[in-house]
Amino acid sequence: MAKKKSKFLCNSCGYEAAKWMGRCPGCGEWNTMNEEVEVISKGPRGAFQHSSTTTKAIPIINVDTPEETRIVTQMNEFNRVLGGGIVPGSLVLIGGDPGIGKSTLLLQVSALLSNQGKRVLYISGEESVRQTKLRAERLGVKSPELYIYSETNLEFLNQTIEEVQPKFVIVDSIQTVHHPEVTSAPGSVSQVRECTAELMRIAKTKNIAIFLVGHVTKEGQIAGPRILEHMVDTVLYFEGERHHNHRILRSQKNRFGSTNEIAIFEMLHGGLKEVLNPSELFLQERSQGAPGSTIVASMEGTRPILVEIQSLVTPTSFNYPKRMATGVDQNRVQLLMAVLEKRMGMMLQAQDAYIKVAGGVKLDEPAIDLAVLTSVVSSFKDQAVRPTDCFIGEVGLTGEVRRVSRIEQRVQEAAKLGFKRAIIPASNIGGWEFPEGIQVVGVETISDSLKSSFRDL
Ligand code: TYD
Ligand code: MG
């Protein structure tokens, strides 16, 4: 006989409570507790778990550590975001807005892997086998090693994995899968949690790399519990604006590599194409010589990327000036503007300021400070900086320009793209060689830096 039990789960952090509460004691969020009725059947849980696949505890000295064998696809950008290829037995979550191209990306990766003779099982709970086939035709995918299966019941998925014996499994999407022993609706907190735990077990015991597709809610989080992100090994986000055709794949968490690594793709008629030189793409539409525009060499993971920062500073018609930032932290912009007011005596109090990183990239490292600050000044004074200048440096509260990491790589990237001058922290000079064709200017304070860019300072 099955017993019914009701419980309340927070869909933000997964906190479990016996009664409903307005505020989750786990994460402090309001209105996140949802009721879920669970039917618990008697008998051993997880009847389809095979004892042969369970592992035993062993002394650490007996653990073999063979060379880490990553599976490298022909899509270099994808390999890099994962930290150098796919790790067998890993569970990877790919989140993104609907229609951004998650299924397309994974089908292309599946095609590449199956063409290498590795068996792939693509499980689609969202689209029928025919729909997936149509997409595969559009992408020109033909491989006898690529298996397609349209099912949402986890028990059947498990059986099919047993039968097909794939090396890679794609689950599109985790929100559609349901565990037969959990009665709440697919996509609910307990379903997503139980299914992910089961898939994790399959990945680890059978040494299969499993990719899960996860939908993103309006607030930009993966729907279902945040716990999903904690459970998996790697979290990748696929981002981009619908009306632009470039897409950014970003690693947010990676147990096997560095985070914040990004890969850039272009969505074309025949699928996604890697962009091998992203700086060129981001600088393509730049209006050279426009006031308010500056270029920064920012590190995205292990790679430097040149991006344009744009500012628009105009007199306000409100009591409170407006400050808006896209792609950079708004508080950081406010702080930099306060530094300009205090240290440079600029009257920004009555100015609205809009800051934007062109191309939809998000920058979150302090090394972009100097470029943001210079861009604000450039718009405020309505004077353009030299289009061949590139700015790198963190700005401190006393107006000093502080040292940043990986300066050599950043300056090299700027030189490679034809920049003639790099304004960098003075403390970063020394111990490395300047690349050819670029003048490197070390500055100690924002005043030094601004003087090198604007006539009347
Ligand atoms: P899709 O992979 O279905 O997105 P998701 O799985 O994230 O919901 O991508 C759908 C969009 O991509 C759709 O608008 C059509 C477009 N697309 C192309 O532009 N070229 C292609 O080759 C394919 C397959 C899709
Ligand atoms: Mg899809």
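How many nonpolar, polar and charged residues does the shell around ligand 1 have? By class, five are nonpolar, seven are polar and four are charged. The model described here is predicted.

## The shell around ligand 1

There are 16 residues around ligand 1, and those that come nearest are Gly99, Ser103, Thr104, His269 and Gly271. As for the site itself, ligand 1 sits in the second largest pocket. The element that gives the most is α2, with three residues.

## Polar contacts and burial of the ligand

For Ser103, the distance from an N or O atom of the side chain to a ligand oxygen is 2.6 Å. For Thr104, a polar side-chain atom is likewise 2.6 Å from an oxygen atom of the ligand. For Arg135, the corresponding distance is 3.0 Å. Ligand 1 taken alone exposes 560 Å², and the protein buries 75% of this area.

## Asp456 and its partners

Asp456 belongs to the segment that follows α11, a helix covering 446-451. Which residues does Asp456 contact, leaving aside its neighbours within four places in sequence? The partners are Lys381 and Gln383.

Between the side chains of Asp456 and Gln383 there is a polar contact of 3.4 Å. Lys381 is 75 residues from Asp456 in sequence, while the C-alpha atoms of these two residues are 9.7 Å apart in space.

The phi angle of Gln165 is near 55°, a positive value in a residue that is not glycine.

The other feature is the peptide bond joining Asp172 and Ser173, which is cis, with omega about 0°.

How values were computed
Residues numbered from 1 in each chain as written. Chains lettered and ligands numbered in written order. Predicted model: local features only at pLDDT ≥ 70, side-chain atom pairs only at ≥ 80, totals over all residues. Heavy atoms only, no water. Near = heavy atom within 4 Å. Polar contact = N/O pair within 3.5 Å; in protein donor to acceptor, adjacent residues only side chain to side chain. Areas by Shrake-Rupley, 256 points an atom, 1.4 Å probe, with all protein chains shown as cover. 1 Å grid on protein atoms, 1.4 Å probe; cavity = no way out; pocket = protein on both sides within 12 Å on 5 of 7 lines; lining within 4 Å. Sits in = over half its atoms within 2 Å of the grid points. Helix = DSSP H or I, 4+ residues; strand = E, 2+ residues; numbered from the N terminus. Nonpolar A, V, L, I, M, F, W, Y, C, P; charged D, E, K, R; others polar. Contact = heavy atoms within 4.5 Å.
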